[in-house]
Amino acid sequence: MLNIDVGADAVVKELERIFGRVLRENNGELRVNCPRCLENKGKRDTNFKLYINPNKGFGKTKGFWNCFRCNYRGRGLIKLGLQAEKLQSNILAESELIASTPKLNITHEIQGNKKSKSKALTPTRLPIGFRTDFSATLVGRNAYSYLRGRGLTQQQIINHKIGYVSGGRYRNTVVFPVFNMNGDLIYWVARSVLEKRYLNCPGKNSHVLFNFKNQRHIVLCEGIFDALAVGKFGVALLGKILKKDQQAILLNSNCQKLTVLLDQDAFAEANEIAKKLSGHGIEVAIAFPPSGKDAGEMEPQQLQRLLEVAWQDES
Ligand SMILES: [Zn+2]
């Protein structure tokens with residue numbers, strides 16, 4: 001833990017212990033390599049983009065930090081130290097994993113897209129400790145009841161190869177693997193069973209669409225639970241914003257009809273997505289769940305009705 005009740009030099013020493021090298025700016029600011037960039041930007045920070053002002057603020061919130069690359073920011077050096085140590089142990093575990101997997105040269109082509117990119121990709125691996133034998137452990141049984149409580153059927157749990165982790169950093173999470181159209185694992189999302197917290201697979205997720213199977217009709221949702229509530233047409237963006245790669249995948253797919261179904265607070269984002277996708281052979285409608293709810297919390301009939309109405313309004 002970072003001890004801040006000491007002089008400036010000692011703060012630097014502590015930061016060095018956690019972050020390695022610390023740069024000092026003339027104005028008293030300190031710079032370290034940002035611990036969040038890998039997660040947020042898909043690339044490790046090597047340019048000391050995390051600026052720390054150790055003198056701003058008081059008490060527990062003393063010390064402000066801000067990353068100019070990934071916008072990771074906050075107050076309180078103790079918190080920063082704790083978060084960084086946690087992130088680093090995670091990154092370390094991941095890099096060991098990556099180091100042990102062979103690099104493959106995969107040519108991946110987005111269907112129907114003239115441009116094909118050839119990239120050296122590291123295959124995605126599920127988190128250490130991932131398992132699907134829910135009944136075998138207490139954590140597993142809790143994870144299973146959690147999933148059922150969120151409205152998933154046993155068949156969905158099996159079909160989507162949903163699992164859980166019983167120990168280690170991802171302990172007490174349910175894990176949703178995300179596959180591309182070819183069935184390759186490209187990402188995963190872990191959701192804590194105990195608190196409202198998501199932990200994402202390290203690396204970029206700009207190309208990730210949960211449950212995208214080149215459907216003709218797609219209901220584009222924010223989260224995985226929303227998409228699962230919709231069923232076979234439900235595809236999750238993992239957020240409120242349609243990223244460029246996701247857009248390209250949809251525009252080059254068989255999709256003819258697409259309903260944007262974001263939470264009510266995402267009115268602007270939903271319209272933005274509709275604008276990006278309409279025309280190009282895709283008919284787009286927008287629907288919003290009733291206030292205060294997300295799609296994943298709606299009754300199936302209510303959800304069905306909402307989607308029908310969206311298309312009635314359209315025609
Ligand atoms: Zn950063």
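**Reading buried residues, backbone angles and strands**

Author: Asparagine 211 is buried, because 23 other C-beta atoms lie within 10 Å, and a count of 20 or more qualifies. Please bear in mind that this is a predicted model. Asparagine 211 belongs to the loop between β12 and β13 (217–221).

Reader: What is the phi of asparagine 211 near?

Author: In general, most residues other than glycine have a negative phi. Asparagine 211 has a positive phi, near 65°. Histidine 280 also has a positive value, near 45°.

Reader: Is histidine 280 buried or exposed?

Author: Histidine 280 is exposed, because its count is 12 other C-beta atoms within 10 Å. The loop that holds histidine 280 runs between α8 (267–277) and β16 (283–287).

Reader: In what order do the strands of the open sheet lie?

Author: Strands of a sheet pair through backbone hydrogen bonds, either parallel or antiparallel. Here the open sheet has 5 strands in the order β8-β9-β10-β11-β12, and the pairing is antiparallel. At the edges are β8 (130–131) and β12 (198–200), each of which pairs on one side only. Between β8 and β9 (residues 163–165) there are 2 bridges; arginine 131 has tyrosine 164 in β9 as its bridge partner.

Reader: Which residues does isoleucine 186 touch, leaving aside those up to four places away in sequence?

Author: Isoleucine 186, in strand β11 (residues 185–192), touches Thr124, Val178, Phe179, Asn180 and Val208. Isoleucine 186 counts as buried because it has 22 C-beta neighbours inside 10 Å. Its C-alpha is 9.6 Å from that of leucine 126, a residue 60 positions apart from isoleucine 186 in sequence.

Conventions. Residues are numbered from 1 along each chain as its sequence is written. This is a predicted model: local features need pLDDT of at least 70, side-chain atom pairs count only at pLDDT 80 or more; totals for chains, interfaces and linings use all residues. Helices (H or I, at least four residues) and strands (E, at least two) are DSSP runs, numbered from the N terminus. Two residues are in contact if their C-beta atoms, placed from the backbone, lie within 7 Å. Two strands pair if DSSP finds at least two bridges between them.
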